[in-house]
Amino acid sequence: MGLIYSHSEWKKSEEYYREALEFAKKTGNNNWYGVLSGNLGMLYYKRKEYDLAKKYLEADFAISVQAGEIESALSAMSMRLEIDILHKNTDSAKIKMDIIDSLVAAYNQENSINYFESKALWNEYTGNYQEGLKYYKKAQHKRDSLNVIRNIVN
């Protein structure tokens with residue numbers, strides 16, 4: 001229900017996510033706690049409530065890495081990178097980019113859309129526009145390829 005309402009009624013979405021988080025916590029389901037934390041973090045990110053978003057994205061990241069869900073971890077850390085860049089927190093953003101690079105190298109995720117988007121954003125932020133454009137194009141190509149596959153499946 002949290003996902004359904006996340007596109008139209010943010011308050012309801014938040015209530016459902018919080019209820020589900022409590023249930024996951026009560027039942028000791030750490031993986032679901034991570035997933036729900038990521039969803040709630042994304043909701044707060046969309047609402048530009050970045051301090052709240054950071055808290056839940058950090059939980060999602062930690063649990064995702066622990067569970068071996070690297071794409072989910074990359075997604076959470078990519079949003080954290082964006083928040084740091086929005087706040088012009090260069091030192092923290094650099095740390096996030098280093099974490100993303102190390103995850104990609106350690107888990108062979110060189111074709112991740114999140115990775116390409118993070119590298120594009122970081123390079124744009126640091127003034128390396130040529131490199132940023134290269135990664136932006138890679139992300140777009142990967143997204144287009146996935147859309148072709150989705151269309152065939154549909």
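Me: Which helix gives the largest share of the lining of the largest pocket?

Reply: That's helix 8, with seven residues. Keep in mind that this is a predicted model. Helix 5 and helix 7 also give two or more residues each to that lining.

Me: Which residues should I click on to find the centre of the largest pocket?

Reply: Go for Glu117, Ala120, Leu121, Glu124 and Tyr136, which lie nearest the centre among the 15 lining residues. The space there comes to about 190 Å³.

Me: Now the inside. How do I read a nonpolar core?

Reply: Think of buried residues joined through side-chain atoms within 4.5 Å. Here the largest such core has 33 residues, and Leu40, Leu81, Ile100 and Tyr115 have the most contacts inside it. Several helices give two or more residues to this core, including helix 2 (10-27) and helix 8 (129-153).

Me: Which helix gives the most to this core?

Reply: Helix 5, with nine residues.

Me: Which residues does Ile100 touch?

Reply: Leaving out residues up to four places away in sequence, Ile100 touches Leu74, Met77, Ser78, Leu81, Tyr115 and Ser118. Two of these partners, Leu81 and Tyr115, are also listed with Ile100 for the most contacts inside the core.

Technical notes: Residues are numbered from 1 along each chain as its sequence is written. This is a predicted model: local features need pLDDT of at least 70, side-chain atom pairs count only at pLDDT 80 or more; totals for chains, interfaces and linings use all residues. Side-chain values use heavy atoms; hydrogens and water are left out. Buried means under 20% relative accessible area, exposed over 50%, partly exposed in between (1.4 Å probe, protein chains only). Helices (H or I, at least four residues) and strands (E, at least two) are DSSP runs, numbered from the N terminus. Contact means heavy atoms within 4.5 Å. On a 1 Å grid over the protein atoms alone, a cavity is a set of points where a 1.4 Å probe fits but cannot get out, and a pocket is an open set with protein on both sides within 12 Å along at least five of seven lines; lining residues have an atom within 4 Å of a point. Grid points are joined across faces, edges and corners, and a volume is the space filled by probe spheres set on the points.
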